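Subject: Structure handover

Hi there,

Here is the structure I promised to pass on to you. Have a look at it first, and then read on for what turned up.

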Amino acid sequence: MKNKTKSSEVCDIILEWHCVVEFRNKTDVSVVLKFQSRNPDLYREAASKPDCELWAVALGEANSESLQNKIQQLRRLIMEIKEERTSDEAQHFLPATQADNLRESQFTGIQKIANESKLEFVLACKDLVATARDRKLNTFVQISVVHPAEQTLTRYSSTEIVEGTRDPLFLTGVTFPPEYPIYEETKIKLTVYDVKDKSQDTVRTRVLSEHKEPRTDVGRNFLGLATFKVGDLVKSKEQQLTLTLRTSDGGKTVGTIDVSIVKMGEIEEGEVDHITTDVQGQKCALVCECTAPEGISGKDSLPLLNAVLKNPICKLYRFPTSDNKWLHIREQMSESTLSFHVPKELINLHIKEDMRRNQDLKELGELAPHWDNMRKNVVAHCEQMLNMYQDTLADHGKHTGSSFKSSCSKGEKTLEFVPINLHLQRMHVHSPRLKDALYDVITVGAPAAHYQGFKNGGLRKLLSKFEAERRNTGYQCIYYSPENTAKAKEVLSNINHLQPLISSHADQLLNSASQHSPDSLKNSLKILSEKTELFVHAFKDQLVRSALLALYTARPGCVLKKPTVPRNSVEGSGEPQGQDHPSQIKRQNSIPHHSEYDEEEWDRVWTNVGKSLNCIIAMVDRLLEKDNSSSGIKESENDPSSADHMVSHTSGDWYEQLYPLIITLKDCMGEVVTRAKQSMTFVLLQELACGLPQHLMLTLRRDIVISQALAGLVCGFIIKLHTSLHDQGFLQQLHTVGLIVQYEGLLSTYSEEIGMLEDMAVGISDLQKVTFKIIEAKSNDFLPVITGRREHYVIEVKLPAKMFELLPQEIKEGKQLHVYPVLFNVGINEQQTLAERFGDTTLQESVNQENFELLKEYYKLFTEKMPPDCLPNFQEQNDLKRLLENLHQNIQAKKRKNVEIMWVAATICRKLNGIRFTCCKSAKDRTSMSVTLEQCSILRDEHQLHKDFFIRALDCMRREGCRIENVLKNIKCRKYAFNMIQLMAFPKYYRPPEGTYGKADT
């Protein structure tokens, strides 16, 4: 303080600590400082009345309490800014490794049961004060977490909006999963907002920008906030806190908020959780975030689930039933590690297959100049394509980070084999009267070659056009039908599989002979006979014979002389000696003309394999007979000549007598393999040469599409197996009939989506070539292994030992399990409107009709082989017959946007224990509308969801559920990529709630 002279030095210093500033009187120019510490009052005088007022304000602001309030307010503002810049919300929390680093000794962990949430609570506000008089509040609460180690604020979740009340009871819970780093010292911040307009609700739908500060005042008003420590809540007597809501400066009270701990599933059987009238009067339904539920197969199955699923996002809803009880619904969405694992396995398999093919082409032998130039050209193109596959595999090996491919990446070349936005969508329903039920849907972008483009259509059109052109290639190459080329590949595959197998079993037979073990000898001979018969049977085809002729005419050299043995003499001889002494066919070095080629020569070559096997069987029978007679030699003493005869034929060691016959078998088999492999390779040479480079590009496109489709199928199969492992009817169906796999397509038949649908139709049809084999895991690696070839993939699914023991014996013994994929597509967007009015929908109609026939065939097979009681208890055969008739009628009706086709097909799939898929272009927007509608329809039809809550439940799932989180994961924005004009063309129940859609970069 200074004296009356303004230029004077400081004459006094006042420390304002717990004091108030008052005017002495209304007319005086002096102020009084009154201290709470019993210090004497201080009187200070100003030069004028205005100066006195300014001094009063300045002294008031300099007070310690005012400064502390300002500091607190600044801290809150800083934390608000940090919070708004947070780019990850809701379920996106600290990774486990970082959480471990934060776990210091001074933090107290929360006691919890393994695999259950650490903390769950619900919220309710009372006596909220509106910013404007007579305004009806539309409020929600934003939940943020202050981490104790770093003192950083992270936005965690938000409640639903409760409309038109100052006492909102939020039916929204907050759950912290087991992995979340939360302790008793952790602070929870609750901020209450009043939403002016749902369509401008920027808090919940804005783009999460990392560089631009959002305008937080648009679309909402800040009402108040409260903060509490987790420890205070969990240690409270009734595990409930009532907190005062204050403005950001900490001064004004705007209401209270109740925080109550809840534990889901604690209602005992027989107890009723009735709905209060207050809740029924509010326009919302329960949604709370929760930890992923443990698999119903128990803890033993967790390693398998953890190997396949990743980054689960879970929500919990509570909806009323028609008799005013609560349904508890747990919704879960998980990525799958198979999104990248399956493509890598498949590409690696293709590389090995193509390398064998290229090597077979090089080893085809000497060819005439025309054919040799053709081979060189084909090999050059194949090597170039092989390098591309190897580069793609290397790129996949470098991939780190997320285990799913976002919709924004669907056009990236390095990720074209990876499925788009693959997720498991699960709904777990807990009903007060019915048994808990699980409903799974795999959501994935339509399998299509987006990087290749759709300018010329998709696979369905391209393959048809290519086949027509290949028939008219003229003299340059020999035309073989697709069935013949597929047969050639099958023969080559059998050769590569059976030849080493037969050699191995032949060696095992010799080993048993050297050990003089009759039982082992019998078993080894049985297996050898079975495999050799399969080998011989593989060449009973006219294709091999005709291909050998074509190959011989393609070789240079001299003319083969006519065979010295007439054709008919072989047939008439009866071959009495050939049974024991197969003719040794020498490899032909000269090339026959068409008129001089002995077509029966090949028959003699491959039948020699069977004759060699007969020799081995006869010898083993004699050896075993001699072994049996030696134990009963007394019985043969009456006929010594007979005994001498038997000894003469079986004298010496078993090994020595079998060894020459085994060598003969291997030699005959080697001759067959050499000729058959070269002839079938020549067929493949014609296939490749007739369409270079189009054939290789179509093969690439088909590989891309099947890779995307197969990743989803493997994920769906493993999840279905896991959830149904204790269902004996399902397991019987699995190995007796196989599984139906139903794909729901939402693509339009307009513009590029026509090509996507054509790709998708072929890719799903190709899944008929896939079989599954379940094996016991020998290590902690539970990821599936893919074997086979392009025309026949075998997926080996690994199960932990305890789960494997639950399987039927047929599956344990390695029986291959079949799947029956079907696709039903109905376009629902504005482009489909254009297609229906001005374009063409025949593609959709033909796809639906073709797949309906496949579904009928499966149902016929199912009813023939399975007992009626194998279906779930509440489903009957008559239901399925009626549904199939309904589906057929809807397909024939050709009604515009007839979404009932999809509803009925999905119901049939569930009743047949099938695997459900839902697909659109990127599995983000239209797919989200479909799966949420399906979930609510199931709740209504199977679990008595109250009819007045159907639309509210639907809006709640779309606004607060897993699917809006899926949108956020893909495009960093909580908006479905629709606009108002587009939605006008959508069917009624496929439209999202207001405020959840808008322009977004997809």
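Are Cys477 and Cys690 buried or exposed? Both cysteines are buried. Before going further, please keep in mind that this is a predicted model.

**The disulfide**

A search through the whole structure turns up 1 disulfide, and Cys477 and Cys690 are the residues that form it, with 2.1 Å between their sulfur atoms. The bond links distant parts of the chain, 213 residues apart. Cys477 sits in the loop between helix H10 (459-470) and helix H11 (482-514), while Cys690 sits in the loop between helix H17 (654-689) and helix H18 (694-723). As for handedness, the torsion about the S-S bond of Cys477 and Cys690 is about 130°, so this disulfide is right-handed.

Two other cysteines can be mentioned here. Cys125 has a relative accessibility of 2% and therefore counts as buried. Cys973 is also at 2% relative accessibility, so it counts as buried.

**A sheet and a hairpin**

Next comes an open sheet of 3 strands, ordered E1-E2-E3 and paired antiparallel. Its edge strands are E1 (19-23) and E3 (42-45), each of which pairs on one side only. On average, neighbouring strands of this sheet are turned by 25° against each other, direction ignored.

A hairpin of 2 residues takes the chain from E20 to E21, and Val785 stands opposite Glu796 in E21.

**Aromatic pairs**

The structure holds 16 aromatic pairs. One of them is Tyr655 with Tyr659: the ring centres are 5.8 Å apart and the planes are at 25°, so this pair is stacked. Both residues belong to helix H17, and being 4 residues apart there, they are separated by about one helical turn. Tyr655 is partly exposed, with a relative accessible area of 32%, and Tyr659 is also partly exposed, at 38% relative accessibility.

Tyr743 and Phe917 make another stacked pair, because their ring centres are 4.3 Å apart and their planes are at 20°. Tyr743 lies in strand E18 (residues 739-745) and Phe917 in strand E23 (residues 915-919), so the pair ties together parts that are 174 residues apart in sequence. Tyr743 is buried at a relative accessible area of 1%, and Phe917 is buried at 0%.

Elsewhere, Phe140, Tyr193 and Phe222 form one aromatic cluster.

**Confidence**

How far does the prediction trust itself? The protein averages a pLDDT of 81, and 79% of the residues score at least 70. Over residues 283-297, pLDDT stays under 50, and the model has 82 contacts beyond four places in sequence for that stretch. Residues 558-595 also stay under 50, with 53 such contacts in the model. Where pLDDT is low, the predicted coordinates should not be read in detail.

Best wishes

Technical notes. Residues are numbered from 1 along each chain as its sequence is written. This is a predicted model: local features need pLDDT of at least 70, side-chain atom pairs count only at pLDDT 80 or more; totals for chains, interfaces and linings use all residues. Side-chain values use heavy atoms; hydrogens and water are left out. A disulfide is a pair of cysteine sulfur atoms within 2.5 Å. Buried means under 20% relative accessible area, exposed over 50%, partly exposed in between (1.4 Å probe, protein chains only). Two strands pair if DSSP finds at least two bridges between them. Axes are lines fitted to C-alpha atoms, for helices over the stretch in contact, and angles run from 0 to 180 degrees between N-to-C directions. pLDDT is the predictor's confidence in each residue, from 0 to 100. Contact means heavy atoms within 4.5 Å. Rings of Phe, Tyr and Trp (its six-membered ring) pair if their centres lie within 6.5 Å; planes under 30 degrees apart count as stacked, over 60 as edge-to-face and the rest as tilted.
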